[in-house]
Amino acid sequence: MKLWLGIDPGTRVLGQVLIGGAPLRVLRLSKTGARLVLEWRDGAEVADTPAHRALADKLVDAGIAHPRYGQAGLTRADVTVVVPARDPQALPRCDIVIDDGSRRPVSGAAERHPVARGPAAARNTGLRHVSTELTAFLDADTEPQPGWLDALLPHFEDPSTVAVAPRIHSVPGRSALEVYERARSALDLGDAPAQVRQDGRVTYVPTAALVVRTAAARDAGGFDETLRFGEDVDFVWRLRGRVRYEPNSEVLHAPRKTWRAWARQRFDYGSSAAPLARRHGRKVMAPLRVSGWTALAWGLAAARRPGLGVAVALGTAALLPRKLAPLGVPAKDALAIAVRGHLGAGRYFADALTRTWGPVALPLLATTRRGRLVLVLALSRHLREWARVRPGLDPVRWLLARTADDLSYGAGVWRGCAKERTVAPLVPDLSNWPGKK
C-alpha cells in the first residue's frame with residue numbers, strides 16, 4: 001500500500017526528539033529516524049520496508065502523525081449501509097433498514113422487531129444480513145454528504161485498521177438550538193484527524209456514522225444489547241485494531257426539536273458513564289485525569305493558598321528537565337511542557353467542576369463568596385470559547401446553553417451512578433505522580 005504521513009500540527013521536532021501526541025509523549029529517534037520524519041513531513045512517501053513501516057506505525061499510534069493512503073482498493077460495492085429505524089421521518093440512502101418496533105411498519109425493511117429493542121439490537125440484526133467486507137452504520141436521522149466514503153475507504157488499505165468514523169455536523173438552522181448544536185454538537189469531534197483511543201484526544205467515535213470491517217464487528221460480538229445508551233462507545237472500545245477519526249468525511253445529523261428533548265439527550269449520554277466504567281475500568285470514565293501534584297497545586301490555590309500552589313507547581317515542574325534530559329530534551333523545553341501542563345489542568349478542573357460534578361458542586365459553590373468566585377472563573381471559559389468560535393448566538397444565550405449542556409450531562413452521570421451503585425465516574429484519576437513508573 002502507498003502511505004504518506006502528515007505530522008500533527010501540535011508536534012514539535014527538536015532534532016532527534018519528537019514531542020507531541022495525546023497523551024503527550026517524548027520520542028527520541030535515531031539520526032536515520034529523525035531524517036525520515038523530516039522527509040515525510042516534506043511529503044515523501046513512506047518506503048515499504050519493515051523498519052520504515054514500524055517507525056510510521058509508532059508515530060501514528062502515538063498521535064504524532066496521521067496516515068494518508070493512495071487509491072483505495074475497496075469501493076462502494078464493498079460497503080453495506082445498515083440503518084436502525086424507529087418511526088423515522090426520513091431515511092438516508094442505505095442497503096438494509098431494520099425496523100425497531102415502529103408504530104407503522106417501515107416499507108422495505110429487511111427485518112422488523114415487533115417490539116422496540118433499542119439501536120444496539122437493531123444494528124446487530126442488520127449486521128447478520130451483511131455479506132460485504134465493510135459495514136457502514138448510519139442513524140436514520142443522518143444525511144451523508146456527497147463522497148463521504150471517499151475519504152474513509154483508503155484507511156482500510158491498512159489491514160490493522162478496523163473502523164473509520166467521519167465528522168458529524170449538526171444540520172444548519174436558524175433557531176437558537178440549531179445554531180448552538182451546529183457549533184457545539186455532542187457528536188462533532190472536531191476538525192483534526194486522530195487515532196481513537198481511551199487515553200487520546202479523541203477517546204471514542206459514535207456509531208451514528210461509522211464504517212467498520214464486518215468481520216471485526218462480528219469478532220467483537222456486535223453491540224451490547226443490554227446498554228440503552230453508550231452502546232456505541234462500548235462497541236468501539238471492544239474492537240481489536242486501529243480505529244481512525246477522519247474529519248475530511250462529513251455526515252449531517254438532525255438535532256433535537258426542543259430544548260427539553262435536547263437536555264434529555266445530554267442526560268441520557270451522561271447516564272452511560274457508570275455502565276461503561278463497570279465494563280472498561282474506572283480510569284477511562286474518570287471526570288479528571290491529572291497528576292496528584294497538579295491537583296495539589298490547584299487545590300491550594302482554590303483554598304486561598306496561591307503562593308503554596310505556585311511553589312508546588314514550580315517545584316514539580318523543575319523535576320521534569322532532569323527526567324527528560326537523557327532523551328535529549330532541552331531543559332527550557334521540558335520546563336515549558338511542565339508549566340503548560342499545570343496551567344492546562346485548570347481547564348480540566350473547570351470542566352469537571354461544572355459538568356460531571358456540576359449538579360452538586362454548583363449549588364454548593366453558590367452559597368459562599370469564595371465559591372462564587374471559583375464558579376465565575378470556571379464558567380468564564382465558556383465566554384472565552386464564545387469569543388473564539390463566534391457561533392451566532394449572543395454571549396448570554398451561549399453561556400446559558402453551555403451551562404445547561406454541562407448540567408444535563410452531569411445529572412445523567414449521577415443518575416447512572418445511583419442506578420449502578422458506583423461512584424467510579426465521579427472519582428478523579430490522580431495516579432500519575434512524578435517519578436511513578
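In this predicted model, R123 lies over the face of F223, at 5.2 Å from the ring centre; a charge counts as sitting over a ring if NZ of Lys or CZ of Arg is within 6 Å of the ring centre and within 35 degrees of the ring normal. R355 is likewise placed over the face of Y409, 4.0 Å from the ring centre.

Residues are numbered from 1 along each chain as its sequence is written. Because the model is predicted, local features need pLDDT of at least 70 and side-chain atom pairs count only at pLDDT 80 or more, while totals for chains, interfaces and linings use all residues, and side-chain values rest on heavy atoms, without hydrogens and water.

Rings of Phe, Tyr and Trp (its six-membered ring) pair if their centres lie within 6.5 Å; planes under 30 degrees apart are stacked, over 60 edge-to-face and the rest tilted. By this rule there are seven aromatic pairs. One of them joins F137 and F223 edge-to-face, at 5.3 Å centre to centre and 85 degrees between the planes. Since F137 belongs to strand 9 (134–138) and F223 to the loop between helix 5 (214–219) and helix 6 (231–238), the pair ties together parts 86 residues apart in sequence. Helices (H or I, at least four residues) and strands (E, at least two) are DSSP runs, numbered from the N terminus. F137 is buried at 0% relative accessible area, and F223 is buried at 4%; buried means under 20%, exposed over 50% and partly exposed in between (1.4 Å probe, protein chains only).

Ring pairs also link Y180, W259, W262 and W398 into a cluster.
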